[in-house]
Amino acid sequence: MTAPTIRFMDDQRRPSGKRIRLTGERFKAGRLPVDSLIELERYQEVVRKLAEYEWRRDHPDEQLPADFRALVSLTIERIDEGSADVLLAFEQHAVYVQYQDEAQDAVDATIAAAYAGAPLPPLPALPPAAVAEFREELADFGATLREAQSIEFYVNPDDTTPVLITVETRKQALTELILTDFMIAPSDPVGSADIIERREESLIGRVTAVDADSTKYEIATAYGKVHGWYKENTGVLEDLRSVLNSAEEGPLTRITGELRFKNGDPHRFWQTTRVERVEFEDTAWGARLTDFAQLPTGWAEGTGAQISFVSLDAAQQLLKAVEAAGNPLPGVFPTAEGGVLIEWATTSGIHSVEILEDGLFELFSLQRAQGEGVHSETRDISEAIRFATAARA
Amino acid sequence: MTTVDLELREDESLMSDADELIYRQITAHMMDGNQIATTAFGPMPADRDMPSFSRSRLVEPQDARDWHTRNLPRSPSLAVWALAVGEVIEAERYVIDDSAVTLDANSKRAPGHCFVDYRGLSRPERKTLRSQLWFRAVERGEIPTNATLGDGEMFAVAPS
């Protein structure tokens, strides 16, 4: 007989929604036993607790708002008739939703790792002493299950294979979650110190979802889908809307803000400061400038600033003019300071326009027979274009 | 050019054999097709005006390339180009061998490490110097080496 199911779904508005599904005789015919609510409460509690730590980390000198716990809470949205399908959602109060989402991701990742026998993800929001306590609380998830009952835990809504929590699988997970040797201090996996990092950074991709209610969006990048918030800067909403489309058809867009990295990969924009459409000509140099726009911080042997939009835009204007004049196309290079170097170099001489990150043009030429090069600076792009085109015409 | 103020730290030495080659590793962002940027022969910000080269008396070009690629895997070396010490001196600068300088416990340095000294130069002077070095390196041409083999590879795989 197929076991009746109760299915719990996370808020479907979240781009990375999640399902939890309970199976077993006791959930038959749409019944939701009271003791199964404890499982939901446990899940809610660990998410809430982690969200509190996240909030405190961002507000070290402030008291937790009185409404924090009330607003970071689960609700059962729906129990579908006949199948005991329960729709479960975190309330989406914009004021704390980013902490809630961060915490939920960390809880989900810990559950998934524990049941896969994989190293548990680090919990950088928690002080080291609280990590073991948090994991032990998470170990209680599924404690009400009996034989022939299970919780199917969907970390992502599109997962076809959920994390299966049963009496048997919990045994393995408990060994992962509960520190059995109290002589060993709780610790994160090797290398965890650099797992989470925040810095001002830009990412290139296509905006595929915008949720104005929770001030969130999603951008499809070369690293996968990255979510972001713009709560601190709602002025970018119109910019986000203007570039919103599918991953196949949307315009290439560069988003800049405080980006969190997890395991070295971009994870979330904690804050968003700029949304810029990336539009370069369909030429070899246009493709090159597009590549430059995607360089991450540290691209030059561990250093190297991201290439500024000001310099990319100026480079495009200059290269278009050079091409239109029928001049030989130069070499185009990113500079570690965040600018663009446009350079004609032959064995008889060097001629270059270096565009600094703030848009200043450095004009330079040196004939090989000369000892010294001729150098000047300008902020006038017309002058830079004249220099670039005249010298090689 | 400015007056040369030679600064040697402990265990550093001035390279004086004008014929000795010093190898420079060329990475992807220094190239546009077949053209090499003049910046390839100048310092990055992290170099603190002391761009790295390797002494030909102390290391083979292939070994220098392999060391770079294995230790800086995000910026693998795609080619090796070279200058002669005398060419740097003709450009009114000098090359300093710092391969014997004691390293911090967490630091690493390429075998046979040396650097062209850009310290104290203005931006125009740097551009002049790196351009003059570019002329010499391009005139000499690429130093033949092979792509660095990965662990367990018997032959190099062309990058896709």
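Modeller: In this predicted model, two strands are said to pair if DSSP finds at least two bridges between them.

Colleague: What makes strands β9 and β11 of chain A a pair, and which way do they run?

Modeller: Two bridges join β9 (residues 224-229) to β11 (residues 265-277) of chain A, and the cut-off is at least two, so these strands count as paired. They run parallel, and G228(A) stands opposite F269(A) in β11(A).

Colleague: How many bridges join β10 of chain A to β11(A), and which way do those strands run?

Modeller: Ten bridges join β10 (residues 253-262) of chain A to β11(A), and these strands run antiparallel. The bridge partner of F261(A) in β11(A) is P266(A).

Colleague: Why do β12 and β16 of chain A stand at the edges of their sheet?

Modeller: The sheet is an open one of five strands in the order β12-β13-β14-β15-β16 of chain A, with antiparallel pairing. β12 and β16 (374-378) of chain A each have a single partner strand, so one side of each is left without a neighbour in the sheet. Neighbouring strands of this sheet are turned by 15° against each other on average, direction ignored. Within the sheet, seven bridges join β14 (residues 349-355) of chain A to β15(A), where E362(A) stands opposite E354(A).

Colleague: Which strands of chain A does α8(A) touch as it packs on the sheet?

Modeller: Helix α8(A) touches β12, β13 and β14 of chain A, and its direction makes about 40° with that of β13(A). From the other chain, helix α3 (residues 123-140) of chain B lies across β13, β14, β15 and β16 of chain A, running at about 45° to β15(A).

Colleague: How many residues of chain A are in contact with chain B?

Modeller: Chain A has 24 residues in contact with 20 residues of chain B. Strands β12 (331-334), β13 (340-346) and β15 (361-367) of chain A each supply at least two residues of the touching side of chain A, and β12(A) gives the most, with four residues. By type, the residues on that side of chain A divide into eleven nonpolar, seven polar and six charged.

Colleague: Which residues have the most contacts inside the largest nonpolar core?

Modeller: The largest nonpolar core has 62 residues, and those with the most contacts inside it are A315(A), L318(A), V340(A), I342(A), I22(B) and A82(B). Its largest share, six residues, comes from helix α8 (residues 309-324) of chain A. Leaving aside residues up to four places away in sequence, L318(A) touches I342(A), V353(A), I381(A), A384(A), I385(A) and A388(A). Apart from this core lies another, of 31 residues, among them V46(A), A106(A), F141(A) and L145(A). In soluble globular proteins, nonpolar side chains tend to be buried together.

Colleague: What confidence values come with chain B and with the model?

Modeller: The mean pLDDT of chain B is 90, and 91% of its residues reach 70 or more. The model scores ipTM 0.91 and pTM 0.64.

Technical notes:
Residues are numbered from 1 along each chain as its sequence is written. Chains are lettered from A and ligands numbered from 1 in the order in which they are written. This is a predicted model: local features need pLDDT of at least 70, side-chain atom pairs count only at pLDDT 80 or more; totals for chains, interfaces and linings use all residues. pLDDT is the predictor's confidence in each residue, from 0 to 100. Two residues are in contact if their C-beta atoms, placed from the backbone, lie within 7 Å. Ala, Val, Leu, Ile, Met, Phe, Trp, Tyr, Cys and Pro count as nonpolar, Asp, Glu, Lys and Arg as charged, and the others, Gly among them, as polar. A nonpolar core is a set of buried Ala, Val, Leu, Ile, Met, Phe, Trp, Tyr and Cys residues joined through C-beta atoms within 7 Å. A residue is buried if 20 or more other C-beta atoms lie within 10 Å of its own, exposed if 12 or fewer, and partly exposed in between; C-beta atoms are placed from the backbone. Axes are lines fitted to C-alpha atoms, for helices over the stretch in contact, and angles run from 0 to 180 degrees between N-to-C directions.
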